[in-house]
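Have the sequence and the 3D view open side by side as you read.

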Amino acid sequence: MDSTLPPPPPARPPAPAQAPTVAVIGAGLAGLACASALAAAGAAVSVFDKGRGPGGRLSTRRVDGPDGPWRFDHGGQYLSVRDTGFRAVVDRLAAAGAMARWDARIVKIGAGGTVTDSPAERFVGTPGMNALVKALADALPAPPRWSLRVLPPERDGDGWRLRDEAGAPLGRFDAVTIAAPAPQAADLLAAAPDLAARAAGARMAACWAGMVVFERPLETGWDAAFVAPEAPGGDVLGWAARDASKPGRPAAEAWVLHGSPAWSDAEVELAPEDAAARLLAAFRTLTGADGAPRYLAAHRWRYALPAAPLEVGSLWDAPARIGACGDWCVAARAEAAFVSGEHLARRMIAELGLSRSAPAPVSRAP
Ligand SMILES: Cc1cc2nc3c(=O)[nH]c(=O)nc-3n(C[C@H](O)[C@H](O)[C@H](O)COP(=O)(O)OP(=O)(O)OC[C@H]3O[C@@H](n4cnc5c(N)ncnc54)[C@H](O)[C@@H]3O)c2cc1C
């Protein structure tokens, strides 16, 4: 636990006769951390996500290239680990083959192209970033339901009713967890206006992600770089990474190019092909890379990272039994999403009278 967060309240007996039902909207790292802890404590948990599969902002884009699949970690790039609870999960995921250390040459590039090494312990999902989210989803007693965009929960007596965007009922639940990025969480919390207002206060910055495959390996001398605004190309680029330098990736010369927060926010309405061209031009300025790329595309993350995280751990309305979690409740990094999900789960376990709280086992589907 991050010691700066307010502690959740102590557990409250007695346990209910029937397992309480909990809906978790959002199967990213935060939602799955919350769902895993609740399920391990004995709740009947249903998880819904509008995405086609696991990942959220830790997604991997797969493209069928002429010589095999190309994969791009186009969202979160790596995880750093400070929290002891998260360290235990990372160790289990690594033992299951879903995560590994990323030991590559990662640098900072500044004014005039000066290069400084940036060594640190960094972890990635294997064979793609989404593998760690998939492993957590696979370990749940009931798998998440994908491709379901959930409408704001509606009050029903002392519980909640959920519907999908076509209006089809998804069930009635004793409690609800919202685990979506802050602006979407604010919409989903329409029936809990106090929480909605707090979620709306956690502004999130955009990020354009370019994905490019080059014909031949580039002679950069480094595998990934934080690009400062004063660096060549730094007016557009914030980060560049060679995907093949991560463990278990295809050998193709595939790069992920992230726009800087300032440029991405200013150009958030660009057409994807224009964003891709701007990112590639900036990367050429940075590295001198030439030749026509074999593949070029861009993805817009409208809500990439919290620019003003709330630093509250999680949000929870005890009488109404609805709460929210996500990186935006703690800090701008993936580990914070996990910490927030577990923080909310501890509050819910106490309030719902659940007693068991062993961490869910982590397995990896074949
Ligand atoms: C470009 C980029 C680069 C990043 N780089 C790093 C990095 O290098 N290191 C790092 O630590 N972190 C990084 N991050 C941040 C990291 O990815 C996030 O902190 C983390 O993945 C957030 O997890 P989450 O569960 O809070 O949210 P998400 O992963 O966003 O999960 C929320 C889920 O809610 C679902 N959802 C939303 N609305 C609905 C609805 N109405 N119905 C159903 N489902 C819904 C979404 O589909 C999504 O799957 C990066 C993020 C981005 C985008």
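Arg321 sits in the loop between strand E18 (315-317) and strand E19 (322-324). This is a predicted model, where local features need pLDDT of at least 70 and side-chain atom pairs count only at pLDDT 80 or more, while totals for chains, interfaces and linings use all residues. Residues are numbered from 1 along each chain as its sequence is written, and side-chain values use heavy atoms, with hydrogens and water left out. Helices (H or I, at least four residues) and strands (E, at least two) are DSSP runs, numbered from the N terminus.

Arg321 isn't a glycine, yet its phi is positive, at about 60 degrees. Its relative accessibility is 28%, so Arg321 counts as partly exposed; buried means under 20% relative accessible area, exposed over 50%, and partly exposed in between (1.4 Å probe, protein chains only). Ser147 is another non-glycine with a positive phi, about 55 degrees. You'll find Ser147 in the loop between H3 and strand E9 (154-156), and it is partly exposed because its relative accessible area is 48%.

## A cis peptide bond

Which two residues does a cis peptide bond join? They are Thr126 and Pro127, with omega at about 5 degrees. Pro127 belongs to the loop between E8 and H3.

## Around the ligand

A polar backbone atom of Ala334 is 2.8 Å from a ligand oxygen, and one of Ala30 is 2.9 Å from a ligand oxygen. For Arg333, a backbone N or O atom lies 3.5 Å from an oxygen atom of the ligand. Taken alone, the ligand exposes 1,000 Å², and the protein buries 93% of that (Shrake-Rupley method, 1.4 Å probe).

Leaving aside neighbours within four places in sequence, Glu335 is in contact (heavy atoms within 4.5 Å) with Ser80, Val81, Arg82, Asp83 and Phe86.

## The nonpolar cores

A nonpolar core is a set of buried Ala, Val, Leu, Ile, Met, Phe, Trp, Tyr and Cys residues joined through side-chain atoms within 4.5 Å. The largest one has 52 residues, of which Val22, Leu29, Leu38, Val45, Leu79, Leu132 and Met348 touch the most other members. H1 supplies the largest share of this core, nine residues. A second, separate core of 33 residues includes Leu148, Phe173, Ala185 and Ala324.

Not counting residues up to four places away in sequence, the residues Leu79 touches include Leu29, Phe86, Met99, Leu132 and Ala334.

Technical notes:
Polar contact = N/O pair within 3.5 Å; in protein donor to acceptor, adjacent residues only side chain to side chain.
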